[in-house]
Amino acid sequence: LRTGIKVADVTSTFLSYDSGERETIVPHVNWGGEFDLPQFADGLRATMAGEAETYFEGRTLAAQYWSASVSVDMHLGVEINYRNRLYGRAGSDAGRLALGAGFAVGRWAIDGAMTDHGFLDSSYRLSLRFLWP
């Protein structure tokens, strides 16, 4: 079991636009964890993970869950990997379908992901990773 917490925008971020509009991004907290399941077949392992993205700015209808000025978006998923080389992922990104896949060779890895946005087009992400010694 691994857990973690991240506090972002601790000093707040102020945005000012040419139109004269101003906006403040207030601090928010992400906390979550992951749990490795026992190996269930030769070389196959699974990890379950979850994260609560917590805001304190009264997002109400823009959030998955809210009460007064606190809102939370949940990110939940499972990853199955084969010999730490091939990966498949499925989950929920604030209640929307999220899928991903990847592979690793030596110190290099490439990952792709898709998130459904309902009425909007889906988002696609591609990442390349290199592990430094």
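So, aspartate 9: with a relative accessibility of 28%, this residue counts as partly exposed. On this scale, buried is under 20% relative accessible area, exposed is over 50%, and partly exposed is in between, using a 1.4 Å probe and protein chains only. Aspartate 9 sits in the loop between β1 and β2 (13-16). Strands here are DSSP runs (E, at least two residues), numbered from the N terminus. What's the phi of aspartate 9? About 55°, a positive value, although aspartate 9 is not a glycine.

Quick housekeeping. This is a predicted model, where local features need pLDDT of at least 70 and side-chain atom pairs count only at pLDDT 80 or more, while totals for chains, interfaces and linings use all residues. Residues are numbered from 1 along each chain as its sequence is written, and side-chain values use heavy atoms, with hydrogens and water left out.

Okay, another loop. Threonine 60 lies between β5 and β6 (65-67), and its phi is positive too, near 30°, in a residue other than glycine. Threonine 60 counts as partly exposed because its relative accessibility is 31%.

Now strand β1, which holds isoleucine 5. Is isoleucine 5 buried or exposed? Exposed, because its relative accessible area is 65%.

Over in strand β5 we find leucine 44, partly exposed at 24%. Leucine 44 and alanine 104 are 60 residues apart in sequence and 15 Å apart in space, C-alpha to C-alpha.

Last stop, the largest pocket. A pocket is an open set of points on a 1 Å grid where a 1.4 Å probe fits, with protein on both sides within 12 Å along at least five of seven lines; lining residues have an atom within 4 Å of a point. The volume of the largest pocket is about 780 Å³. Its lining has 30 residues, and His75, Leu76, Gly77, Arg89 and Ala98 lie nearest the centre. Among the elements giving two or more residues to that lining are β1 (2-8) and β5 (44-55).

Notes
Points joined across faces, edges and corners; volume = space filled by probe spheres on them. Helix = DSSP H or I, 4+ residues; strand = E, 2+ residues; numbered from the N terminus.
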